[in-house]
Amino acid sequence: MKTNVIDGAAAMSAAGDHDARIAHEMRLRQKQREKRAKLLKHAFLILLSFVMLYPLFWLTASSLKPENEIFGSLGLWPSSFQWSNYTEGWNALPVSFTVFYKNSAIVTILSVIGNLLSCSFAAYAFARLEFNGRTFFFGLMMMTMMLPYHVVLIPQYVLFLKLGWVDTYLPLIVPRFLAADGFFIFLMIQFFRGIPRELDEAAMIDGCGPFKIYWAVILPLSLPAMATAAIFSMIWVWEDFLAPLIYLNDIQSYTVPLALRLFVDREGTSAFGQMFAMSVLSLVPVLIAFMAFQ
């Protein structure tokens, strides 16, 4: 009887070991499948990222190529590095690119400040304050997001022309201080609504008014939304071509996108190498800002 019990225990142990080995092998095969799937996924993402970044690689490579190789070869590696494209392109136009960068920096910095201040004020009013007509005005604000810029372009130009603002930076900067961008308002409204209202009530008990609550409570908690708005605003204003083209006439006040156009418009001569070199440099502030806010 004792022998039978021992044999049964041994059989059960052997069966358990067999099941454990099978389970272990299944786990190993599962890990191998997951590893292969992960490798394939990363390989696909790397290939896709290369496809997306190829235009940037081509732009950078073309900025270092001789003029006759830019469109005559599909390869990225130049036969000889033309670093002179950068030095000559910087001073190729009647005005140095230093002036264009300074102009773009002035317009961009003031526009970002204006967007953050005015849009956050408007968003705070819609998200946290109670006033008559709030729903109606919120609907009007949302409607401005659906209007293409070209629809209001002519009325705005006529208005700024009568104000004497054409050929100045005022049409590019002043609207930013008047909460003219509904996208940023809507973005901040959604973020402000996620902040607990108990914080407002606690601040009101401490004697804070609406502005103090905005400045001391809402604004410090909204840095992620403000950073996002700053990044998008900086990129859109720095790369804007249409608005400066319409309102700026003097080359001394041109921004970087308008200056890049001058390389193509010169009398019958092509300067694509220099234009691409300046295009690469025009991307540097955007990349620095994005990495800094990241």
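Student: How many cavities of 30 Å³ or more does the structure hold?

Tutor: The structure holds one. Keep in mind that this is a predicted model, where local features need pLDDT of at least 70, side-chain atom pairs count only at pLDDT 80 or more, and totals for chains, interfaces and linings use all residues. Residues are numbered from 1 along each chain as its sequence is written, and side-chain values use heavy atoms, with hydrogens and water left out.

Student: What makes a space a cavity, and what makes it a pocket?

Tutor: Rolling a probe the size of a water molecule over the atoms shows where empty space is left. On a 1 Å grid over the protein atoms alone, a cavity is a set of points where a 1.4 Å probe fits but cannot get out. A pocket is an open set with protein on both sides within 12 Å along at least five of seven lines. Lining residues have an atom within 4 Å of a point. For volume, grid points are joined across faces, edges and corners, and the space filled by probe spheres set on the points is counted.

Student: What is the volume of the largest cavity, and which residues line it?

Tutor: The largest cavity holds about 90 Å³ of space. Its lining includes Ser104, Val107, Thr108, Arg176, Trp238 and Pro257. H3 gives the most to this lining, with three residues. That label comes from DSSP: helices are runs of H or I of at least four residues, strands are runs of E of at least two, and both are numbered from the N terminus.

Student: What makes a lining residue nonpolar, polar or charged?

Tutor: Ala, Val, Leu, Ile, Met, Phe, Trp, Tyr, Cys and Pro count as nonpolar, Asp, Glu, Lys and Arg as charged, and the others, Gly among them, as polar. By that rule the lining of the largest cavity has seven nonpolar, three polar and two charged residues.

Student: Which residues are closest to the centre of the largest pocket?

Tutor: The largest pocket has about 750 Å³ of space. Of its 25 lining residues, Tyr149, Gln156, Arg176, Ala180 and Asp181 are the closest to its centre. The lining divides into 17 nonpolar, five polar and three charged residues.

Student: Which helix gives the largest share of the lining of the second largest pocket?

Tutor: That is H13, with four residues. This pocket has a volume of about 160 Å³, and its lining has six nonpolar, two polar and one charged residue.

Student: How do you know that the span of H13 agrees with its number of residues?

Tutor: The expected span of a helix is 1.5 Å times one less than its number of residues. The 22 residues of H13 should therefore span 32 Å, and the end C-alpha atoms are 32 Å apart, so the two agree. Helix H9 (residues 210-221) passes too, because its 12 residues should span 16 Å and its end C-alpha atoms are 16 Å apart.

Student: Why is Pro257 called buried?

Tutor: Buried means under 20% relative accessible area, exposed means over 50%, and partly exposed is in between (1.4 Å probe, protein chains only). Pro257 has a relative accessible area of 13%, so Pro257 is buried. This residue lies in helix H12. Leaving out residues up to four places away in sequence, Pro257 touches Ser104, Trp238, Glu239, Asp240 and Phe241, where contact means heavy atoms within 4.5 Å.

Student: Why does Ser62 count as buried?

Tutor: Ser62 has 0% relative accessibility, so Ser62 counts as buried. Ser62 is found in helix H1 (residues 2-62). Not counting residues up to four places away in sequence, Ser62 touches Ile70, Gly273 and Phe276. Gly273 and Phe276 are themselves among the buried residues of H13.

Student: What makes the phi of Asp167 worth a look?

Tutor: Most residues other than glycine have a negative phi. Asp167 has a positive phi of about 70° although it is not a glycine. Ala179, in the loop between H6 and H7, also has a positive phi, near 55°. At 23% relative accessibility, Ala179 counts as partly exposed.
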